[in-house]
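Thank you all for coming. Please have a look at the structure on the screen, and I will then walk through it from the whole chain down to single residues.

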Amino acid sequence: MQSLTKTAVGPGQSALSGLVGNTPLLRVSEPLAPAGRGFWAKLEGFNPGGIKDRPALHMVERARARGDLRPGGRIIESTSGTLGLGLALAGMVYGHPVTLVTDPGLELSMTRLLTAYGAQVNVVSEPHPTGGWQQARRERVQRLLEQHPDSWCPDQYNNPDNVAAYTPLALELASEIGHIDVLVCSVGTGGHSAGVSRVLRQLYPELTVVGVDTTGSTIFGQPARPRLMRGLGSSIYPRNVAYEQFSEVHWVAPHEAVWTCRQLAASHYATGGWSVGAVALVAGWLARTMPADARIVAVFPDGPQRYLGTVYDDGYCAAHGLLDTPPAPEPEVIGRLDEKEVTRWTRCTSVVDPLTLQGAHHDVTEVVPGADSAEEGR
């Protein structure tokens, strides 16, 4: 990723940050779309830690430039994994110790990897009585900030630098593909969907932006429910979500994402997590139903590593009823975000900020361990 601003780093650090960006594109067709049709997938899992390497580096760089993060100051953030990998990289590049606050839902493999990269992993042991795991993590972050002078929290859900970090990704897509008709993105913190769509819509004013969320997520006005899927969805309303940019939203259930992940792996040697499966399901449907010459781009946020014990584990999937149930050929359709609670692949073409809905349910309770974004979660 070409940095949006310049601050001094040594040659070794520059080489590390140079590993981020210019990720490959893959043309995806059968069996998700008929022969001669398909979509382009941007494989952000080819970044060292996934798509959130981009905002981690940029948020740290901008905080340093403003003086919010002083040389050697500790970076402290709540994460369910992928941003943690990016912050570990950013801490290495810019010389900052990193503390990542998480919960028992974080996979052991991720804890080991984050520790290997030099980050301190701080695990809360009990959920907040009303705010759940997410609120417990936030309160732990605040206590740690008070304990460490000159420390800084990126606050990924509300930090505009999280959005701005994706300008290079948008420009990569524009230069590689040319004209783009449809952009399909998973939504968690709202960073990459907002950042990429704003740039691309300036280039292509008629762009259709399709958001992909998980069932049980509140981001687009649904009630909070326990969620298996990590890397997309939330039980709060992140203010980085650019609701005005979305032409439509799709909710996808876990078994539908698993089926699509496995189809994608078997047919295209492409693998990733829950978000990848959900996005690919929706992008494949668009490729089947839109004009054959429509140029559809989907962002695949991560790779398969942290999902080997879930999405790609037969025992785990069988135990959770996620196998042998292919998704319907098309989504159910609702006319309003809160028309009813959705439990399967569902589409809505009327997208507004759910906090503006009459009688909107404002409960921000976190109901599943570690179920903040991706984009990551990831």
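Predicted model: local features only at pLDDT ≥ 70, side-chain atom pairs only at ≥ 80, totals over all residues.

What percentage of the 378 residues in the protein chain do buried residues make up? Buried residues make up 57% of them, where buried means under 20% relative accessible area, exposed means over 50%, and partly exposed lies in between, with a 1.4 Å probe and protein chains only.

Residues are numbered from 1 along each chain as its sequence is written, and side-chain values use heavy atoms, with hydrogens and water left out.

The secondary structure of the protein chain comes to 11 helices and 11 strands, these being DSSP runs numbered from the N terminus (helices H or I, at least four residues; strands E, at least two). The radius of gyration, taken over C-alpha atoms, is 19 Å, close to the 21 Å of the globule rule for 378 residues, so the chain is as compact as a globular protein of that length; the rule itself is 2.2 Å times the number of residues to the power 0.38.

Let me turn to one pair of helices. Helix α2, residues 53–66, packs against helix α3, residues 82–94, at an angle of about 45°, with the axes 8 Å apart; the axes are lines fitted to C-alpha atoms over the stretch in contact, and angles run from 0 to 180 degrees between N-to-C directions. That makes α2 oblique to α3, since under 35 degrees counts as roughly parallel, over 145 as roughly antiparallel, 65 to 115 as roughly perpendicular, and the rest as oblique.

At 3% relative accessibility, Gly73 counts as buried, and, not counting residues up to four places away in sequence, Gly73 touches His96, Pro97 and Asp150, where contact means heavy atoms within 4.5 Å. Gly73 and Trp152 are 79 residues apart in sequence, yet 7.1 Å apart in space, C-alpha to C-alpha.

The second residue, Val184, has its place in strand β6, residues 182–186, and counts as buried at 0% relative accessibility. Leaving aside neighbours within four places in sequence, Val184 is in contact with several residues, among them Val210, Val279, Leu286 and Ile296. From Val184 to Ile296 there are 112 residues in sequence and 7.6 Å in space, C-alpha to C-alpha.
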